[in-house]
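These are my notebook entries on one protein chain. I set down what I looked up, topic by topic.

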Amino acid sequence: MGIYDELGVATLINACGTVTRLSGGMMAPEVTAAMREASEASVDMVALQAAACRVIRTATGAQAGIVTSGASAAVLLGAAACIAGLDPVRMNALPEVQDGRRDFIVVRSQRNMYDRALLVAGGRIVEVGIPDRVSGPGVRDAAAWEIAAAITKNTAGIYYLAEPRSKPSLRAVAEIAREHSLPVLVDAAGQLPPSCNLRRFLDDGADLVCFSGGKAIGGPQSSGILAGRSDLVASALLQMLDLDVFDSFFAPPDEFAVLRQMRGLPHHGIGRSCKVGKEEIAGLCVALTRFAAADPVARRAAWQNRLQLIATASGRSDMEITSGPIPILSLNAGSPEAAEALARQLLAGSPAIACGLGRLDDGLVTFNPVAMTDAQAEAAGARLRRD
Ligand SMILES: *Cc1c(COP(=O)(O)O)cnc(C)c1O
């Protein structure tokens, strides 16, 4: 009997992608094995994060990196690093900031439900720009000079949501930031694949970049990556670690050597509630290395093939595979009402099939291949068959 039977929880066919609500995707046996092995011994967590730093450096080209408990935690820790730097007084004070230097400039069209992680760390959001191209009446969005104009002595950093349509370009934003010696914190949680994006945002000038470990990387669902400038990454790490230790017993490894400059150790930091386990760190390291090494063409072909299995098994002609970093199968139900009814019907069956609901208004039900097996794809297709 499997654990889900034992717990009395029904498993489902996840055609929604690696969404957190549906527990993400499935891990490769190599990743699971790493997590199990990691669970069978104790290690020093700083040494383990230093090892992860080496793996992340290789995969991303960053100066440094740490494993976090998700991309949202990476944003929180990155914000804390931007606000506190390597000052233990500021670290101890967060989320309070005595001198007010805690503002993050955010382009209004990039506001999203994950940016509150900035606030949790003690930051404040300062919105700029008028998103005419998003709201409809025009073609323009925020310009880089508007970001520059919003910078004050209270600015701690610039937050940037990496999306294919994000404006202004990250390069332009990074240039402004560099002129003002401010860090750019990039949320790129869902921007993999393509795997070249592991390096791209850093190449474009990001000081810190956040990735989700539980999405396409195929790592543990509660894992993420914060990568970038070594002083900021080390600050983030320190604010997440268990620091119930005498200063004289804390010896930072070479990967986080910048911490040796600090005048003292802070207490448990603002990131203590973002604790990441050794199992997640080990699993993420293996998953990241596998993801970076995999052939992008073969990965895409396998996903494409899985969607084709659904289409073929369904025998329907109202389906279409659209391209993008992750190919998506859309079923045209004819109307929003018909699409919603079909989605409900799939969810009510056994096993439940959870498909994408983002295009219901267009009458489309969508299928994402990342969190399914080929066998599940065939089963889903069979359920879609209209005899
Ligand atoms: C998925 C996502 C997150 C959250 O990632 P977790 O790893 O689940 O914490 C944050 N930001 C964006 C843009 C995302 O797409």
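This is a predicted model: local features need pLDDT of at least 70, side-chain atom pairs count only at pLDDT 80 or more; totals for chains, interfaces and linings use all residues.

**Domain interface**

Residues are numbered from 1 along each chain as its sequence is written, and side-chain values use heavy atoms, with hydrogens and water left out.

On the side of domain 1 that touches domain 2, I find four nonpolar, two polar and two charged residues. In this scheme Ala, Val, Leu, Ile, Met, Phe, Trp, Tyr, Cys and Pro are nonpolar, Asp, Glu, Lys and Arg are charged, and the others, Gly among them, are polar.

**Domain bounds and buried area**

I recorded domain 1 as 3–22 + 295–386 and domain 2 as 42–293, bounds that come from an automatic or database domain assignment. Their centres, taken over C-alpha atoms, are 33 Å apart. Eight residues of domain 1 and nine residues of domain 2 make the contact, meaning heavy atoms within 4.5 Å.

The area buried between the two domains is about 630 Å², and carbon and sulfur atoms give 52% of it. I took buried area as the accessible area (1.4 Å probe) that two parts lose on being put together, summed over both. T18, R299 and P325 lose the most area on the domain 1 side, together 62% of what that side buries.

**Whole chain**

I counted 15 helices and twelve strands; these are DSSP runs (helices H or I, at least four residues; strands E, at least two), numbered from the N terminus. The radius of gyration is 22 Å, close to the 21 Å that the globule rule gives for 387 residues, so the chain is as compact as a globular protein of that length. The radius is taken over C-alpha atoms, and the rule is 2.2 Å times the number of residues to the power 0.38.

A search of the whole structure gave me 18 salt bridges. One of them joins E30 and R290 at 3.3 Å, N to O. E30 lies in helix α2 (residues 29–38) and R290 in helix α12 (residues 278–293), so this pair ties together parts 260 residues apart in sequence.

**Backbone entries**

I found a cis peptide bond between P193 and P194, with omega about 5 degrees; P194 is in the loop between β6 (184–187) and α10 (197–203). S350 to P351 is also cis, with omega near -5 degrees.

Conventions
A salt bridge is a side-chain nitrogen of Lys or Arg within 4 Å of a carboxyl oxygen of Asp or Glu.
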